[in-house]
Amino acid sequence: MATIKEIAKACGVSVATVSNILNKKPGASEATRNLVLKTAKEMNYMPNYVAKNLKARNTRSIGVIAEDMTIFSIPDIIDGITEYCEKVKYQILLTNLRLYKKYNDYYYHRTDYYGQVDEEIRKLIATQVDGIIYVTAHERIMHCIPDNLSIPAVMAYGYTESKNIPSVVVDDECGAYEMIRYLIAQGHKKIGVITGKADSLHAQARLIGYQKALRDEGLLYDPELIYYGDWGRESGHTGAEVLLKKQVTAIFCMNDLMAGGCYDWADESGIKIPQEISVAGYDNRELSSYYKPPLSTTELPLHDIGYRAAEVMIGLVEKKSGETAEPQVYKVPCKQLIRQSIKTL
């Protein structure tokens with residue numbers, strides 16, 4: 001790759017002249033300008049953006065630390081981050097911690113990997129990134145990012161509880177609320193729920209959304225209609241069997257995988273969806289549209305979470321926003337996808 005000095009020598013002009021032309025400054029004749037630009041292209045010249053931005057004390061780069069790229073939620077979040085950064089001409093430096101591959105989901109309740117996070121943060125700061133976005137695989141409260149970082153930080157899909165580090169999360173409560181309101185509007189008054197793990201913030205928020213929808217529609221909350229699952233397909237299978245005995249007309253599953261378990265049980269039992277039982281899921285995993293009938297579900301705004309996290313980050317880097325008295329939490333709304341798995345009574 002050629003340098004400015006080599007281009008100047010090839011063109012028979014000064015280094016200053018080449019520099020001015022490449023930086024679009026006036027002063028050179030049209031013939032000289034065309035010669036320099038043509039030569040630079042032929043010699044495969046690439047500007048040193050890092051050195052240029054370091055002079056301005058801004059590398060226009062954002063470090064992104066992902067917990068595990070194999071988790072379904074993370075690629076879309078990173079795509080959203082990338083889209084916004086491309087829009088404002090920032091680059092990203094991506095680090096994959098591979099935590100799920102190493103520890104399965106047990107690490108959600110551990111803190112011993114915080115040292116690994118700290119090491120990656122130090123590496124990114126050493127490369128002169130302007131800020132860091134930490135992308136979690138599953139929403140939870142985390143304190144893995146030090147409050148006293150020398151650069152801004154944002155957490156995507158998790159809560160920091162810090163007034164220095166904003167959190168960008170999914171509005172699970174509203175997502176569940178809207179789906180239950182839709183089921184009620186279709187005539188369903190006895191709606192069973194298959195939850196995720198009880199200690200999950202996603203499951204807790206979605207259960208609150210369910211309860212609020214019942215309240216606002218004048219229906220009583222019956223804890224007997226709640227089956228506590230574990231996000232796995234088998235718990236959807238068992239939950240469906242339990243809830244059908246309680247004569248529910250619809251089942252709201254807190255993820256599409258457990259909804260698949262409901263489909264399994266219905267198929268084995270000769271029960272037709274939605275003619276005899278309506279089913280709704282959550283997440284809009286790709287498999288949900290292939291169920292028969294296609295599953296009504298709530299789409300997680302993963303791309304939008306990444307986009308918003310990058311937007312918040314660049315705002316901090318360019319000092320368009322700053323520290324607040326309370327933790328900053330940005331909730332991103334979900335979208336309802338109504339398909340053929342819900343019957344109108």
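Q: In what order do the 6 strands of the open sheet stand, and is the pairing parallel or antiparallel?

A: Strands of a sheet pair through backbone hydrogen bonds, either parallel or antiparallel. In this model, which is predicted, the 6 strands form an open sheet in the order β2-β1-β3-β4-β5-β11, and the pairing is parallel. The edges are taken by β2 (91–96) and β11 (329–332), each of which has a single partner strand, so one side of each is left without a neighbour in the sheet. Between neighbouring strands of this sheet the turn is 20° on average, with direction ignored.

Q: How many bridges join β1 to β3, and how many are there between β3 and β4?

A: Strand β1 (residues 61–66) is joined to β3 by 5 bridges, the two running parallel, and within this pair Ile62 stands opposite Gly131 in β3. Strand β3 (residues 131–135) in turn pairs with β4 in the parallel sense over 4 bridges, where Val135 stands opposite Ala156 in β4. On the next step across the sheet, β4 and strand β5 (residues 167–170) pair in the parallel sense over 2 bridges, and the bridge partner of Ala156 in β5 is Val168.

Q: Which residues of β4 point one way and which the other, and are they buried or exposed?

A: From strand β4 (residues 153–156), Ala153 and Met155 point one way, while Val154 and Ala156 point the other way, and all are buried.

Q: Which strands does helix α7 lie across, and at what angle does it run to β1?

A: Helix α7 (residues 114–126) lies across β1, β2 and β3, and its direction makes about 165° with that of β1.

Q: Turning to the sheet of 4 strands, what is the order there, and which strands are at the edge?

A: These 4 strands form an open sheet in the order β7-β6-β8-β9, again with parallel pairing. The edge strands are β7 and β9 (278–280), each pairing on one side only. Neighbouring strands of this sheet are turned by 15° against each other on average, direction ignored. Strands β6 and β7 run parallel and are joined by 3 bridges, with Tyr227 in β7 as the bridge partner of Ile194. On this sheet packs α10, which touches β6, β7 and β8 and whose direction makes about 155° with that of β6. Helix α11 also packs on the sheet, touching β6, β8 and β9, and its direction makes about 145° with that of β8.

Q: What is the length of α10 from its first C-alpha to its last, and which of its residues are buried?

A: Helix α10 (residues 233–244) has 12 residues and reaches 17 Å from its first C-alpha to its last, close to the 16 Å expected at 1.5 Å a residue. Its buried residues are Ser235, Gly236, His237, Gly239, Ala240, Leu243 and Leu244, and what covers them includes β6 (191–195), β7 (226–228), β8 (250–253) and α11 (256–269).

Q: How many residues does the largest nonpolar core have, and why does it lie between two domains?

A: In soluble globular proteins, nonpolar side chains tend to be buried together. The largest nonpolar core here has 92 residues, and among those with the most contacts inside it are Val135, Ile180, Ile251 and Phe252. Helix α12 (residues 302–317) gives the largest share of this core, 10 residues. Domain 2 (57–170 + 302–333) and domain 3 (172–299) both contribute residues, so the core lies between them. Apart from it lies another core, of 9 residues, among them Ala8, Cys11, Ala40 and Tyr45.

Q: How far apart do the C-alpha centres of domain 1 and domain 3 lie?

A: The domain assignment gives 4–47 as domain 1, and the C-alpha centres of domain 1 and domain 3 lie 65 Å apart.

Technical notes:
Residues numbered from 1 in each chain as written. Predicted model: local features only at pLDDT ≥ 70, side-chain atom pairs only at ≥ 80, totals over all residues. Heavy atoms only, no water. Domains from an automatic or database assignment. Expected span 1.5 Å × (residues − 1). Buried < 20%, exposed > 50% of the residue type's maximum accessible area, 1.4 Å probe, protein only. Contact = heavy atoms within 4.5 Å. Pairing = 2+ DSSP bridges. Axes fitted to C-alpha atoms, helices over the stretch in contact; angles between N-to-C directions. Core = buried A, V, L, I, M, F, W, Y, C linked by side-chain atoms within 4.5 Å.
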